[in-house]
Amino acid sequence: MNGKILLVVAFVALQQVCMGMNFAEPKLIPAPREFKFAADRCAVLDSNTVLSIACPDARGGEWAARHFREWFGAKPRVKAAAGGAALLDGDEAYTLVVDSTGVKIEARSLAGVRYALYTLRQCAMAARGTVATRAYVLPHVEVRDAPSVKWRGMHFCWMPELSAAFVEREIRMAAYLKFNYVVLESWGVFRSERHPWFGWPERPMTKDVVRHLKTVADDLGVTLVPQLNALGHASSARGRYQKHAVLDLHPERQPIFEPMGGWNWCLSNEEGMAILHDIMVEMHEAFGSPPYFHIGCDEAYPPSCPECREGDWRDRIVRHIVGLHDLFAARGTRLLMWHDMFVSPKDKRFGPGDGGLYGGHGELGCEKYLLKLPRDIVVCDWYYGHHVDGWRYTTHEYFHKLGFEVLACPWKDTSGILGQGREAARQGWLGFLGTSWHRLTGTNYSSLLAASAFAAWGTEPTVDLAEPEPAWFGTYWRQMGWDMGIRNYRDCGLSETQINRGTCTNLD
Ligand SMILES: [Zn+2]
């Protein structure tokens with residue numbers, strides 16, 4: 001066959017794959033900053049696709065080709081191209097153009113290439129007209145995109161009920177929605193080798209599992225940040241159910257925790273503190289010594305043991321946090337910490353119920369102790385309520401003014417999520433850390449995760465976040481399952497089961 005005939009054959013093949021020319025607008029999460037598509041122009045992703053990459057990082061071409069093959073089942077023809085498109089500001093900016101000549105990506109970094117390819121994947125669908133997938137198609141698109149803040153994370157709780165597969169899927173999904181950090185909080189699931197009694201017997205977060213998750217996360221562009229609670233929440237379990245990941249099975253460890261419920265670590269117990277430091281370092285090492293470690297420190301109670309209550313116990317807490325700061329600073333690592341013990345709900349400066357949007361569990365006068373903390377601790381300021389137009393995020397502003405870098409941390413309220421995303425960008429806070437806590441099923445999960453993706457990226461939602469059957473989210477969640485090779489019923493979809501055949505339960 002000569003070249004001319006080949007071209008004709010390729011053109012005929014393209015026509016067949018591209019039958020039908022009225023594409024719906026893709027439901028992209030998060031929405032790009034600038035997006036154009038041509039509903040009546042079809043492009044095909046297969047082994048004829050020319051994939052042009054303009055990126056100073058040579059890894060961009062290899063990464064894009066490898067994932068193109070993984071997701072679209074064909075090896076593209078990769079071409080290194082010269083830049084020249086008008087990229088938006090920032091290291092993570094990208095442009096993506098898909099037309100009849102192929103797929104063109106320009107980026108300043110591997111991160112930008114990744115984001116372009118995630119957008120490409122969200123636009124694409126299996127070609128119609130056959131009973132087995134033979135290629136992918138999408139409308140012609142032009143995308144210019146960049147995030148509004150640098151630090152875009154999700155905080156995920158790893159509870160004993162969750163398998164490593166579920167957590168891997170969360171990490172993959174976070175990357176696909178263009179987050180670049182995932183904080184993984186161990187709820188008694190980290191398997192310490194130095195202190196094997198620490199945590200539930202059937203704890204899935206082994207070092208091998210963490211190594212695997214880190215490999216996945218590194219490839220997809222997400223930094224994993226470990227979390228172990230260093231003050232309250234020492235039970236590694238939900239307060240209302242009164243389980244304790246250590247004391248239920250190891251009564252001999254009682255002196256390490258405060259007598260009342262074992263909720264706090266006993267800070268006056270030096271040997272206990274040495275063990276806590278040891279486990280934290282072990283965990284940090286298992287995660288490949290990332291640049292951040294989250295020490296929790298929310299919702300702590302005043303001490304109930306006679307030794308911790310001696311003198312000013314608040315100063316003991318300050319010394320404890322400074323000690324952790326120094327431990328990790330020596331490892332080149334910064335602490336993340338929840339904000340609430342350093343804000344009093346009675347403090348009039350924050351305008352409780354009157355123009356201030358914030359949460360707090362501290363005492364009046366706690367500022368004195370806050371001022372003793374090193375300013376390179378990143379304050380994770382959670383606010384879980386509604387956004388109210390015209391009201392201010394007073395405590396976020398407060399920590400920022402005191403010289404701390406601040407992450408805005410909403411939970412499940414969509415308006416609060418979007419409001420904090422906007423404010424983080426507008427006020428120059430470090431970024432955004434969404435949370436899901438125990439809301440891990442169905443639309444609870446899809447709406448908060450999708451809303452957080454829009455908020456972190458800094459664009460307004462283009463999907464209905466309250467939709468009871470969010471097919472757009474389900475499609476992307478399913479793709480993560482394909483990438484992992486999931487092959488069983490329970491790991492599919494947004495919940496393990498569709499009905500409850502157990503005893504009457506109403507967990508919240
Ligand atoms: Zn104590």
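**Exercise 1. Determine whether Cys 305 is buried or exposed, and then treat Cys 308 likewise.**

Step 1. Buried means under 20% relative accessible area, exposed over 50%, and partly exposed in between, with a 1.4 Å probe and protein chains only.

Step 2. Cys 305 has a relative accessibility of 8%, so this residue counts as buried. Cys 308, at 3%, is buried as well.

Step 3. The model is a predicted one, in which local features need pLDDT of at least 70, side-chain atom pairs count only at pLDDT 80 or more, and totals for chains, interfaces and linings use all residues. Residues are numbered from 1 along each chain as its sequence is written, and side-chain values use heavy atoms, with hydrogens and water left out.

**Exercise 2. State which residues coordinate the zinc ion, and find the geometry of the site.**

Step 1. Donors are N, O and S atoms within 2.8 Å of the metal (3.2 Å for Na, K and Ca); water is not among the atoms, so sites may look incomplete.

Step 2. Glu 258 (OE), Cys 266 (SG), Cys 305 (SG) and Cys 308 (SG) coordinate the zinc ion at 2.0 to 2.3 Å. Their spacing in sequence is E-x7-C-x38-C-x2-C.

Step 3. Four donors count as tetrahedral if all angles lie between 85 and 135 degrees. The angles among the four donor atoms of the zinc ion are 99 to 115°, and the site is tetrahedral.

Technical notes:
Four donors count as tetrahedral if all angles lie between 85 and 135 degrees; four count as square planar and six as octahedral if opposite donors are over 155 degrees apart and all others between 65 and 115; anything else is irregular.
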